[in-house]
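Work through the following exercises with the sequence and the coordinates open side by side. Each task is followed by a solution in steps.

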Amino acid sequence: MKIDISGLSRLFENRIRLGIMSILLVNDSYDFNSLKAALGVTDGNLASHLKALEENGLVRSEKKFIARKPNTSYSATEKGEKIFRTHLKALETIIRNK
Amino acid sequence: MDNHSDYLEDIRVIKKVMEESSRFLSLSGLAGVFAGIIALAGAALAVIFFMNGKILLRNDFFLDMSPEELLTLKINILILAVVILVLAVGLSFWLSYRNAVKKGIKIWTPVSKRLLVSLLVPLATGGFLILIFFMQNNWQLIIPSMLIFYGLALVGAGKFTYNDIFYLGLAEITTGMIAALIPAYGIILWCAGFGLLHILYGLIMYRKYER
């Protein structure tokens, strides 16, 4: 995973990933369907971004069954929170310095 | 994406998504105003029909009643209370639902579920406790309990919606404590807590978030 000197992470260049991490930072966990509704994206699109974040160890998933329907809930890992906070701080610094 | 405005847009998206996913923001201020008006109307009906137009609650008020008279009175009070509650809660839900549709916010989200649970636990606890006081004829404990448990529910719910709700909760608790100190003025304080405070906060929130 690439992080440039300013602290920006390339993983968050995509706004959907940015949105996912924003939600998981302020909520202990969030399920797939609620993420989909909150971000207004399609199943496939959301799934691929979640997969990318999970593979990089920023997000962890937990499969549950609610009323016999599969329901995966996601939460940010410690590493994910740290990288996202660094990214946020970098964004703020860039904006302030321009 | 090395563009300044792109970074600004990033920050805007982050803020918006964080706020919308952790707070229920379609609570309607108008709901507060209407709930307050309904409460005042209900209290007026109670004073006129059950208390012979007297506003002060006297300890000996119920003592000279026959058991049959007391039972009829209690049933009537209960019916009035349920009607007020259903009207106020129903109208609040409906107005908030309309507000959500207007703002394009989904109503049934993880955060609205958490909001409901945090409201329902203290409200149900208080409700059952008040029912027990009611059956035991512990009149003086009922009004302070209504205000205090409602206030506690709002303080807890404040985390999941506008911050104003937290302060409304503190105000309700304070009103309830005063009602416990001076039980004779219970009806007046009930009107202040469920009537005036609702109208006041409803207007504040309407001006802040809905105009």
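Two strands count as paired if DSSP finds at least two bridges between them. The model is a predicted one.

**Exercise 1. State the order of the strands in the sheet of chain A and the sense of their pairing.**

Step 1. Take the composition of the chain. Chain A has 4 helices and 3 strands, and along the sequence they run α-β-α-α-β-β-α.

Step 2. Look at the pairs. β2(A) and β3(A), the latter covering residues 69-76, are antiparallel and joined over 8 bridges. β1(A) and β3(A) are also antiparallel, over 2 bridges.

Step 3. The 3 strands make an open sheet in the order β1-β3-β2, with antiparallel pairing. The edge strands of chain A are β1 (30-31) and β2 (59-66), each of which pairs on one side only.

**Exercise 2. Find which residues of β3(A) stand opposite A:Arg60, A:Ser61 and A:Tyr30.**

Step 1. Start with β2(A), residues 59-66. A:Arg60 faces A:Ser75, and A:Ser61 faces A:Tyr74.

Step 2. Go to β1(A), residues 30-31. A:Tyr30 stands opposite A:Tyr74 in β3(A).

Step 3. Check the turn. The hairpin of β2(A) and β3(A) has 2 residues between the strands, and A:Ala67 takes a positive phi near 50° there.

**Exercise 3. Decide why the buried residues of α4(A) line one face of the helix.**

Step 1. Define the helix. α4(A) covers residues 78-97, 20 residues in total, and reaches 29 Å from its first C-alpha to its last, close to the expected 28 Å.

Step 2. List the buried positions, where a residue is buried if 20 or more other C-beta atoms lie within 10 Å of its own C-beta. In α4(A) these are A:Gly80, A:Ile83, A:Phe84, A:His87, A:Leu88 and A:Leu91.

Step 3. Look down the axis. The buried residues of α4(A) fall within an arc of 140°, and therefore they line one face. An α-helix has 3.6 residues a turn, so residues three or four places apart point the same way.

Step 4. Compare the other side. There A:Glu78, A:Lys82, A:Glu92, A:Arg96 and A:Asn97 are exposed.

Step 5. Name the partners. The buried residues of α4(A) pack against α1, β2 and β3 of chain A, together with α1 (4-22) of chain B.

**Exercise 4. How many residues of α1(A) are buried, and which are they?**

Step 1. Set the limits. α1(A) covers residues 15-26, and its 12 residues reach 17 Å from first C-alpha to last, close to the expected 16 Å.

Step 2. Count. Of the 12 residues, 9 are buried, and the helix is mostly covered.

Step 3. Name them. The buried residues of α1(A) are A:Ile16, A:Arg17, A:Leu18, A:Gly19, A:Ile20, A:Met21, A:Ser22, A:Ile23 and A:Leu24.

**Exercise 5. Describe the side of chain A that touches chain B.**

Step 1. Count both sides. 18 residues of chain A are in contact with 16 residues of chain B.

Step 2. Assign the elements. α1, α2 (32-39) and α4 of chain A each supply at least two residues of this side. The largest share, 7 residues, comes from α1(A).

Step 3. Sort by type. The residues on this side of chain A divide into 11 nonpolar, 4 polar and 3 charged.

How values were computed
Residues are numbered from 1 along each chain as its sequence is written. Chains are lettered from A and ligands numbered from 1 in the order in which they are written. This is a predicted model: local features need pLDDT of at least 70, side-chain atom pairs count only at pLDDT 80 or more; totals for chains, interfaces and linings use all residues. The expected span of a helix is 1.5 Å times one less than its number of residues. The arc is that of the directions from the helix axis to the C-beta atoms. Two residues are in contact if their C-beta atoms, placed from the backbone, lie within 7 Å. Ala, Val, Leu, Ile, Met, Phe, Trp, Tyr, Cys and Pro count as nonpolar, Asp, Glu, Lys and Arg as charged, and the others, Gly among them, as polar.
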